[in-house]
Structure formats: structure tokens, C-alpha cells
Amino acid sequence: MIQVSKLLPQGQGLAPVLLKRATTVELDWDVRQKSRFAATDSAGRELGIFLPRGTLVRGGDVLVAEDGSMVRVIAAPQPVLVITHCKNHGTPFDLTRAAYHLGNRHVPIELQPDHLKIEPDHVLADMLRAMHLIVTEQNLAFEPEGGAYAAGHGGGHSHGEHGHGKGHDHHHGHDHSHDHSHGHTHDHGHSHDHSHAAAPVAPSAAPARGRTVSIPVVSHGHVHGPDCNHDH
């Protein structure tokens with residue numbers, strides 16, 4: 001058995017002539033979602049695949065064996081349910097709703113612009129038909145979406161469109177210059193001139209004989225501050 005422990009996503013960096021020389025191996029999704037499995041390539045060689053845990057193998061990927069030989073992976077056709085919207089009574093948005101409900105059930109889904117694919121499940125098929133979607137059974141390659149933080153390349157779409165390698169450099173320059181100048185000038189000049197004149201007091205009526213009259217005294221206090229300029 002030949003050991004394989006390296007994977008090149010979509011054969012990145014390989015010349016087309018090398019890809020043509022590579023042997024092939026057909027694997028369905030049940031096998032390709034595993035990181036350790038055995039397989040037989042198109043040349044009849046027994047392969048023992050030992051990849052980092054969490055690695056997803058996609059159709060078009062290239063496995064590199066310990067002897068330097070390469071094996072191109074083909075996504076084998078398998079039974080799937082193809083989901084499309086009803087052109088007469090629905091809209092493409094119905095597929096978005098379907099993907100939402102399937103995602104809530106953690107169902108592996110292959111997302112395409114005009115259809116969805118899932119593995120056969122009669123309960124889900126009935127649910128989708130009740131949502132006025134068209135569900136058909138077909139035998140096709142299955143490439144479901146991987147988790148956003150999955151190891152390796154998890155997306156079910158083409159992986160060669162946007163690759164981030166070790167040499168991929170993102171530089172984000174942010175120059176935030178804030179100049180806050182707050183000038184506050186407070187000039188409080190208080191000039192108070194108080195002239196206190198004795199208010200005339202009206203003569204009080206003579207108290208009745210035998211009765212005591214109590215007259216309250218109210219004191220008006222005045223507080224002087226350091227800037228208060230009084231000349232008494």
C-alpha cells in the first residue's frame with residue numbers, strides 16, 4: 001500500500017501536463033469528507049490516505065504519494081436530491097428559504113445559483129415539496145458547502161478562483177488623525193453695588209392690654225466669593 005499524506009487543492013501550482021499524467025481515483029462524498037481512508041487508483045494501486053484531521057477532499061484535488069506520484073481526485077456520481085424553484089408559481093428566492101430551513105437542520109447542502117443538492121432524505125423531500133419546490137432524484141457528484149472555519153478548503157464551489165497561500169499578503173492601512181482643540185475662555189466679572197437703606201417701618205398698633213405680641217426676626221445672609229467686589 002502506498003501512503004499519501006499530502007493534498008494540493010485543485011492541483012494548485014502544477015503544470016497541466018503533470019495533471020494529465022496523474023492517475024485518478026473516484027470517491028463519493030461519504031469517503032471524501034474523511035481524512036483517513038483507503039482507495040484504489042486508476043492504475044490499480046492501493047492507497048492509504050492519511051491527511052490532517054478535518055481536511056475535506058474535493059473533486060479536482062491532487063493527492064501526492066510518498067513516492068512522488070500524483071493522483072487526481074474525481075467526485076464520483078452518487079444519489080442526490082436536486083431542488084429547484086417552480087418557475088410558474090415561485091421565485092428563485094424560494095431556494096434561499098429552503099437553504100435556510102435545511103441549514104437549521106445541519107443538512108449538508110451543495111449551493112448552486114439555480115438549484116440545491118442534498119443527500120436523499122424522504123422527510124426533507126416532503127418538507128421541500130410542501131414549500132412548493134421541485135425535488136428530483138438524480139445521480140450526480142456531490143460537493144456540499146464546508147464550515148466557514150473548516151480545515152482545508154471547505155467551500156463546495158470552485159476552489160481555484162480565490163486561493164490564499166502563505167505568500168498571500170493583506171495590508172490594511174488605517175490612518176486616523178484626530179485633532180480636538182477645545183478653547184474655552186471664561187471671563188466672569190461681577191461688580192455688585194448694594195445700597196442698603198432702612199425700609200420705613202409702619203407704626204404698629206398698640207398691643208391690647210394683657211396680651212403679649214411676638215415679632216419674628218428674619219436674618220438675610222450674604223455670601224461673598226473671591227471675585228465678588230463689594231465696597232460696604
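In what order do the six strands of the open sheet lie? The order is β2-β6-β5-β1-β4-β3, and the pairing is mixed, where two strands count as paired if DSSP finds at least two bridges between them. The edge strands of this sheet are β2, residues 23-27, and β3, each of which pairs on one side only. From one strand to the next the twist averages 35°, taken from axes that are lines fitted to C-alpha atoms, for helices over the stretch in contact, with angles running from 0 to 180 degrees between N-to-C directions.

Before I go on, a word about the model. This is a predicted model, in which local features need pLDDT of at least 70 and side-chain atom pairs count only at pLDDT 80 or more, while totals for chains, interfaces and linings use all residues. Residues are numbered from 1 along each chain as its sequence is written, and side-chain values use heavy atoms, with hydrogens and water left out.

Now the overall picture. The protein has four helices and 12 strands, these being DSSP runs numbered from the N terminus, with helices as H or I of at least four residues and strands as E of at least two. Of its 232 residues, 29% are buried, and by buried I mean under 20% relative accessible area, by exposed over 50%, and by partly exposed anything in between, with a 1.4 Å probe and protein chains only. If we take contacts between residues at least 6 apart in sequence, 64% of them join residues at least 24 apart, a contact being heavy atoms within 4.5 Å.

I would like to finish with the charged side chains. How many salt bridges does the structure hold? There are seven, where a salt bridge is a side-chain nitrogen of Lys or Arg within 4 Å of a carboxyl oxygen of Asp or Glu. One of them joins R32 and E143, at 3.1 Å from N to O. This pair links distant parts of the chain, 111 residues apart, with R32 in helix α2 (residues 29-32) and E143 in the loop between β10 (133-140) and β11 (190-191). Both R32 and E143 are buried, and together with R58 they belong to a network of salt bridges.

A second pair is K117 with E110, whose closest N and O atoms lie 3.6 Å apart, and K117 and E110 are both buried as well. D126 and R129 form another salt bridge, at 3.9 Å between the closest N and O atoms. Because D126 and R129 are three residues apart in helix α4, residues 122-130, about one helical turn separates them. D126 counts as partly exposed because its relative accessibility is 47%, and R129, with a relative accessible area of 40%, is partly exposed too.
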